[in-house]
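Trainee: Could you take a close look at one part of this model with me? I would like to go through a single chain step by step.

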Amino acid sequence: MFIDIDLRDRKPLYEQIALGIEDQIMRGLIQPDEALPSVRSLAMELSINPNTVQKAYGALEQKGLIYSVSGRGSFASNAEGLLPGKREDILKQLDEIITKAVKFGISMDELLERARNAGNIGNT
Amino acid sequence: MIEAKNVSKSFGKIRAVDDISLKIEDGRVFGLIGTNGAGKSTFLRLAAGVLKPDSGSVEIDGREVFEEPEVKENFFYISDDTYFFSNSTPDVMAEFYRKIYPNFSVLRFGKLMDDFSLDRKRKINTFSKGMKKQLSVILGLSAMTKYMYCDETFDGLDPVMRQGVKSLFAGEMTERGFTPVIASHNLRELEDICDTVGLLHKGGILLSEDLDSVKADIHKLHCVFRDENDIEDVKKELDILIEDKKGTLYTLTVRGMEEQIMAEINAHDPVFAEMLPLSLEEIFISETGVTGYDIKKIIC
């Protein structure tokens with residue numbers, strides 16, 4: 001499983017892992033009820049502490065993104081119910097960027113043009 | 001659990017370890033960090049029962065370590081300068097450790113040697129420094145002990161090997177509650193693997209805490225204010241550890257919660273304010289309060 005880890009990031013490692021997995025579940029790269037890698041194999045793959053992976057899985061379970069079956073490991077939940085919240089988060093981030101862009105004198109037309117282009121790339 | 005209670009050790013007039021108390025919990029990675037001469041190696045040697053504490057005690061699962069061979073079967077100690085018998089080969093060393101550690105796995109030793117592509121019959125004195133470190137790690141893992149003390153072990157390994165050894169540690173930890181204790185001054189090495197860090201300075205311990213909570217408690221930020229009075233107000237309100245000013249740009253290292261710090265800064269309507277990533281190295285410098293230790297100042 002590919003997870004981007006950035007040691008310079010202010011976010012703790014477990015949070016980065018949790019976000020990476022969340023992203024993949026939300027985007028459907030991990031299907032509902034699909035098994036996640038075991039704590040052991042993910043820790044070994046990323047060369048990190050298994051306690052960190054455990055902590056990430058704990059955080060994801062709390063958010064309802066994954067569920068664990070004792071003795072069998074962790075599985076992705078059906079994340080559809082969580083999508084509206086995620087969309088709202090993304091829009092909020094976008095608001096911040098747009099406010100900043102306007103402050104730096106980027107025009108509305110430029111912004112719309114950008115949005116259209118980026119949207120087209122995102123669709124393909 | 002390894003528990004040090006008020007341990008002190010002096011060599012002549014030098015107080016290498018000064019009244020250190022700390023607990024190393026099972027199944028977690030403990031990182032021992034500190035400047036050169038902070039007492040990391042001495043502490044490990046005390047924990048390994050090589051040295052007898054002048055006062056205080058080091059116990060493993062409730063039993064004193066010094067001169068207790070049975071207790072010593074619980075850990076494998078990789079010292080800074082790896083030692084092997086003269087003219088020996090890896091096989092000879094494995095045979096030696098097999099006699100000392102009852103759980104030593106010859107099978108595992110063979111497999112790891114193959115994985116690391118090391119020749120079991122080659123004379124160790126023809127090995128490079130890094131290969132010797134690899135061999136120590138392999139012998140240590142094959143001994144199947146609960147604890148492993150690594151004194152600057154990672155520093156001699158190349159990046160690929162470091163990742164490999166970390167992976168192996170991760171595997172061992174999930175399989176059998178393995179507990180590595182890693183001493184290093186190379187903080188970047190410890191950042192991604194340690195659960196808990198113990199910060200040594202001048203023989204004493206400054207803190208021993210969960211790495212995540214250490215990181216959550218200290219923040220660094222850039223900010224520019226409209227008015228000099230604003231920065232004065234902010235300074236009164238916040239617990240500022242390090243302050244640096246370049247032109248109008250302030251770089252502050254602050255203790256406290258992220259939200260509270262930003263709320264305080266934003267209340268003064270700054271021209272610009274931004275949180276910066278904080279490395280363990282910077283936390284280390286903030287905590288020791290030794291900006292004076294900054295090597296640049298020594299050279300310049």
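This is a predicted model: local features need pLDDT of at least 70, side-chain atom pairs count only at pLDDT 80 or more; totals for chains, interfaces and linings use all residues.

Mentor: Happy to! Residues are numbered from 1 along each chain as its sequence is written, chains are lettered from A and ligands numbered from 1 in the order in which they are written, and side-chain values use heavy atoms, leaving out hydrogens and water.

Now the fold. Chain A has five helices and two strands (DSSP runs: H or I of at least four residues for helices, E of at least two for strands). From the N terminus on, the order is α-α-α-β-β-α-α. The radius of gyration, taken over C-alpha atoms, is 18 Å, well over the 14 Å that the globule rule (2.2 Å times the number of residues to the power 0.38) gives for 124 residues, so chain A is more spread out than a compact globule. Along the principal axes, the C-alpha trace of chain A spans about 55 × 30 × 25 Å.

Next, contacts (heavy atoms within 4.5 Å): among those in chain A between residues at least 6 apart in sequence, 49% join residues at least 24 apart.

As for the surface, chain A exposes about 8200 Å² (Shrake-Rupley method, 1.4 Å probe), and carbon and sulfur atoms supply 53% of that area.
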